[in-house]
Amino acid sequence: MVLIPQVTGQLQTVLFSASDSFYKVLRLEISDKNFDFNDDEITITGSFGDIQIGSSYEFTGQLKEHPRYGIQFIANNYHRQATSTASGLVKYLSSENFPGVGKATATKIVDELGVNAIELILDNAEVLKNLHISKELQQVIVDKLAKADGMERAIIALNDFGFGSTLSMAIYQKYQKSTLQILKDNPYQLVRDIDGVSFKRIDQFALQEGIDPLDERRIKAGVIETINNKTFNSGDTYMVLPELLSSAKALLGKGQQAIVNDELLKKALLTLTTEGIVVVDGNYFYIQEIYEAENQIAERLVNLTQQSKSTYSRKQVVDVLNEVESANDFDYDVTQKEAIIAALTNQLFILTGGPGTGKTTIISGVVATLKKLLRADGLKSDQIDDSIHLAAPTGRAAKRLQESTGMVATTIHHLLGITGREANINDIDIEEISGNLLVIDEMSMVDTQLFAILLLAVQADMQIILVGDKDQLPSVGPGRVFYDLLASGLLNYRELETIHRQGKGSTIISLANGVKNGRLPADFTEQQIDRSFFPANVNTVPKLVEKIAESWKNKGNSVADMQILAPMYRTQAGVNHLNEIVQNIFNPATSKKKSINIKKDKQSFNYRVGDKVMQTANDPENNVFNGDIGYITSVLLAKDKTNPDKKDKLVVDFDTGEVIYTRENWQNITLAYATTIHKSQGTEYKLVIMPLVDAFFRMLQRNLLYTGLTRASESLVLIGQLSAYQKAVVTLGVNRHTNLQARIIEYATGKKDETQPAKIAQQEILKVSEPVVTDGQHDDISLQDKDVPNNSAAKDIVLTMALIEQNGIDPNIGLEGLTPYDFMPNNNEKLANT
């Protein structure tokens with residue numbers, strides 16, 4: 001039997017307590033342990049509730065040796081024992097956790113009730129009545145102790161589930177005092193309510209606790225997880241029934257002998273639709289929030305388009321636009337003028353175009369013209385600034401928008417007040433965005449949910465302008481909003497095609513346009529004034545990248561103006577390996593330069609002062625977002641005498657200001673000399689180096705290549721195999737399944753899109769052909785039910801034609817998670833020698 005490490009002792013101090021999670025670092029005086037350790041005190045780390053200094057605790061977990069701090073005990077769980085010292089209890093009761101309770105009152109409580117005072121009060125609050133403490137203070141003590149006790153019990157239960165400190169905090173904030181009851185009654189509810197909680201983790205715990213594999217709660221959670229996986233992994237906004245049933249059976253049947261049949265799944269779906277969690281629309285199955293988001297977007301945008309009311313007439317706009325143009329050092333062409341006029345005379349206007357087509361020029365013209373119009377209406381400068389809102393999905397894109405217009409621009413998250421700590425994006429308390437105009441740039445990056453929330457926040461009479469490039473990669477989240485808005489053909493939009501920003505002899509934009517149209521130019525591999533192609537295989541890419549980066553540096557250029565873009569992280573030609581190479585060129589390690597090692601996903605990174613890094617998760621509170629790039633300005637080690645916090649920290653300077661990172665959030669940054677093409681959206685660089693090899697075959701798509709090419713403003717270096725570029729340019733990106741176009745058509749015309757399937761009643765779609773419950777009993781459907789012959793043992797199912805005909809055997813059994821590519825030769829090994 002494996003001995004689980006345990007340690008008991010008195011808590012001496014809390015060395016560190018994270019502000020955004022339950023993570024803490026404690027110092028414990030050891031009284032008992034079941035492992036070899038010679039010191040009297042030990043450092044404990046983990047997720048803990050309202051820890052009481054001076055109390056005794058028992059921790060279970062594992063010993064680990066930290067490279068800097070030595071031996072630490074990583075606690076998986078804990079429980080508080082009886083308080084061992086009166087002084088520790090007095091200190092706890094007189095802390096800020098109990099407002100109004102001073103040291104004198106705390107001492108009185110401990111003197112009268114002893115070191116078991118907390119347990120006595122929790123058992124019977126009446127014990128405080130004889131201590132001559134005011135009723136108000138008695139209530140404070142009872143409420144705070146009950147809350148702390150409930151939190152502690154909840155944290156212990158969440159630790160049992162294996163949740164990290166941040167996720168535990170999100171769960172507790174969602175359920176508060178109901179946390180334990182929900183974990184006991186229906187742990188699968190977390191799959192529905194909490195972003196980041198996976199079905200797999202909950203399922204492992206629930207099954208261990210004895211929940212039947214065929215329990216309806218489990219099957220419902222599996223269905224929700226199946227739709228969520230499809231929505232948030234592939235970008236589709238719905239599923240069709242055959243795929244949903246097949247995928248749900250694979251998920252629920254993994255590692256289980258009990259067979260989940262179609263009838264059980266359909267029954268669960270009917271329940272979920274009745275509860276409003278899943279919505280059936282025609283043959284499409286949605287998570288309710290995504291269904292509502294599609295409808296809200298369509299209805300709001302159609303209403304805006306059909307509004308005849310306009311603040312300014314065409315003549316007013318033209319007159320002021322002429323004044324703006326006369327102050328410029330260039331003239332607008334006819335298309336640009338008409339676009340500016342349309343933008344200011346319609347409640348909704350959409351602008352799309354590739355690089356160099358003048359989108360930024362038009363937006364600047366719109367803002368300049370509107371400011372003059374508002375000034376003529378008598379508004380003061382500060383009122384004008386407050387009435388125009390500019391936003392983009394990322395901080396870097398917002399900065400570019402701000403630079404081009406001369407007005408403050410922010411991220412959409414910041415505009416909406418999203419903190420990033422919400423358990424679910426739908427928990428956001430939205431404040432109205434008021435004013436005259438809202439401009440959203442880089443709209444192709446905005447997903448269905450975020451756009452719906454944004455539209456809900458915008459006051460009804462505000463003008464909205466949406467700007468983007470429809471041929472770029474779609475959003476990371478569900479949907480393809482910008483594409484669908486344009487494809488509907490019913491909303492006010494202009495598509496720009498004339499290229500204005502291409503210097504003499506420049507070929508980058510013409511190359512991008514060729515790729516957009518599905519072809520590579522005949523001179524693709526030939527040296528051009530602003531682009532080059534160097535043939536290489538997966539193993540020779542790194543050496544070429546190294547030479548190009550060194551040349552760029554030796555010419556006195558900045559690493560900020562150069563970016564390596566690759567489709568994937570792995571392989572020798574991937575992001576991770578190329579980051580190491582270029583880091584050593586632009587920011588080599590020296591004995592005087594502070595650095596720190598961080599292990600992420602089984603890979604070690606060495607961060608140094610001066611390193612170029614990228615934020616990999618949205619952090620609205622610090623105003624940094626996924627894809628934002630910054631530079632490490634300081635590395636503070638816990639042992640540094642000048643570091644009062646005594647914990648390792650990195651300080652990163654972003655365009656929006658400095659952000660301090662501790663070990664708890666180091667996973668949110670990564671080296672950024674090389675990034676994925678997806679992460680580069682919304683940015684431009686003077687030099688882009690892009691390796692493409694056949695080993696990236698899964699990612700080789702036209703919109704990915706187009707997006708990478710259009711990040712380069714002056715120079716483009718393409719490295720790799722011509723066959724990879726050829727495959728990318730002819731391979732269309734996966735067509736996301738959404739219904740937004742059809743909804744726009746339906747709201748605009750009152751007619752259903754004829755290309756959509758006819759609606760069928762959900763009862764008909766989900767008709768259960770055979771009863772699920774037998775003999776009126778609870779739905780315990782075991783292997784002895786109709787799906788498996790009665791003479792088949794649970795552990796020895798015999799394959800028969802009857803069993804196959806009854807759909808008792810999944811035709812894809814054993815093939816879960818595989819694709820046709822998995823049966824092809826190992827491309828990485830095969831192509832390494834080409």
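Me: How many aromatic pairs does a search of the whole structure find?

Reply: The search finds 15 aromatic pairs. Rings of Phe, Tyr and Trp (its six-membered ring) pair if their centres lie within 6.5 Å; planes under 30 degrees apart count as stacked, over 60 as edge-to-face and the rest as tilted. This is a predicted model, where local features need pLDDT of at least 70, side-chain atom pairs count only at pLDDT 80 or more, and totals for chains, interfaces and linings use all residues. Residues are numbered from 1 along each chain as its sequence is written, and side-chain values use heavy atoms, leaving out hydrogens and water.

Me: Why is the pair of Tyr57 and Tyr78 tilted?

Reply: A pair of aromatic rings is described by the distance of the centres and the angle of the planes. Here the ring centres of Tyr57 and Tyr78 are 6.1 Å apart and the planes meet at 45°, so the pair is tilted. Tyr57 sits in strand β4 (residues 55-66) and Tyr78 in strand β5 (residues 70-83), so the pair ties together parts 21 residues apart in sequence. Strands (E, at least two residues) and helices (H or I, at least four) are DSSP runs, numbered from the N terminus.

Me: What should I notice about the phi of Glu442?

Reply: Most residues other than glycine have a negative phi. Glu442 is not a glycine, yet its phi is positive, about 55°. You will find Glu442 in the loop between β12 (437-440) and α19 (448-457).
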